[in-house]
Amino acid sequence: MATALIELVALLAVFAGIVAGAGPASRGLSAWSARRRAVRHPVPTSRPLEDVAADLRRLGRCVAFAPAGAPMARRRAVQAAYDDVLAEAAAILGVPARLAAVPEGRARDVERLRVVAALRAAGLRVPA
């Protein structure tokens, strides 16, 4: 009778150990699986260059052909969006761009033209 009781207690202890270890083992297995998945299928860090180039062309047309009666806030917003996409394209192609650091005015216009010329030299079709 005593041995049966000891066997029952040992069996319950083994079962409790399995139940207690199942949670950490499951979390470890899912973390391992997530790491393997991340190595096999890396997440891109930026948008595709084709999308950025399409945005450059679209925003370049919006900047160049702004309607005559458009509010100044709209013109500045489109110009800021164009500058952001120019900086994004420059970062993708490895072209140095200081558009964010240069204040508004002629200096920024010159920097914008320099970045556009550098992007064209890198092989990207960018409107003037």
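Helices (H or I, at least four residues) and strands (E, at least two) are DSSP runs, numbered from the N terminus. R108 lies in helix α4 under this assignment. The structure is a predicted model, in which local features need pLDDT of at least 70 and side-chain atom pairs count only at pLDDT 80 or more, while totals for chains, interfaces and linings use all residues. Residues are numbered from 1 along each chain as its sequence is written, and side-chain values use heavy atoms, with hydrogens and water left out.

The chain contains 4 helices and 0 strands, and its elements run α-α-α-α from the N terminus on. The radius of gyration of the chain is 30 Å, well over the 14 Å that the globule rule gives for 128 residues, so the chain is more spread out than a compact globule. That radius is taken over C-alpha atoms, and the globule rule is 2.2 Å times the number of residues to the power 0.38. Along its principal axes, the C-alpha trace spans about 100 × 35 × 25 Å.

Of the 128 residues, 20% count as buried; here buried means under 20% relative accessible area, exposed over 50%, and partly exposed in between (1.4 Å probe, protein chains only). The chain exposes about 9300 Å², of which carbon and sulfur atoms supply 66%. Accessible areas come from the Shrake-Rupley method with a 1.4 Å probe, and for residues only the protein chains shown count as cover. A contact is defined by heavy atoms within 4.5 Å. Among contacts between residues at least 6 apart in sequence, 54% join residues at least 24 apart. The mean positions of the 19 positive and 10 negative charges are 3 Å apart. Lys and Arg count as positive and Asp and Glu as negative, whereas His and the chain ends are not counted. The place of a charge is taken as NZ of Lys, CZ of Arg, CG of Asp or CD of Glu.

D83 lies in helix α3, which covers residues 72–93, and is buried, with a relative accessible area of 3%. R108 is also buried, at a relative accessible area of 14%. The side chains of R108 and D83 make a polar contact of 3.3 Å. A polar contact is a pair of N or O atoms within 3.5 Å; within protein, one must be able to donate a hydrogen and the other to accept it, and residues adjacent in sequence count only if both atoms are side-chain atoms. Not counting residues up to four places away in sequence, D83 touches L99, R108 and R112. With that exclusion, R108 touches D83, L99, A100, V102 and P103.

Helix α4, residues 106–121, also holds R114. R114 is partly exposed, with a relative accessible area of 35%, and its side chain is joined to that of E111 by a polar contact of 2.8 Å. Beyond residues up to four places away in sequence, R114 touches P96, A97 and R98.

A10, in helix α1 (residues 2–40), is partly exposed at 40% relative accessible area. A10 and C62 are 52 residues apart in sequence and 78 Å apart in space, C-alpha to C-alpha. A64, in helix α2 (residues 49–64), counts as exposed at 53% relative accessibility. A64 and P127 are 63 residues apart in sequence and 9.1 Å apart in space, C-alpha to C-alpha.
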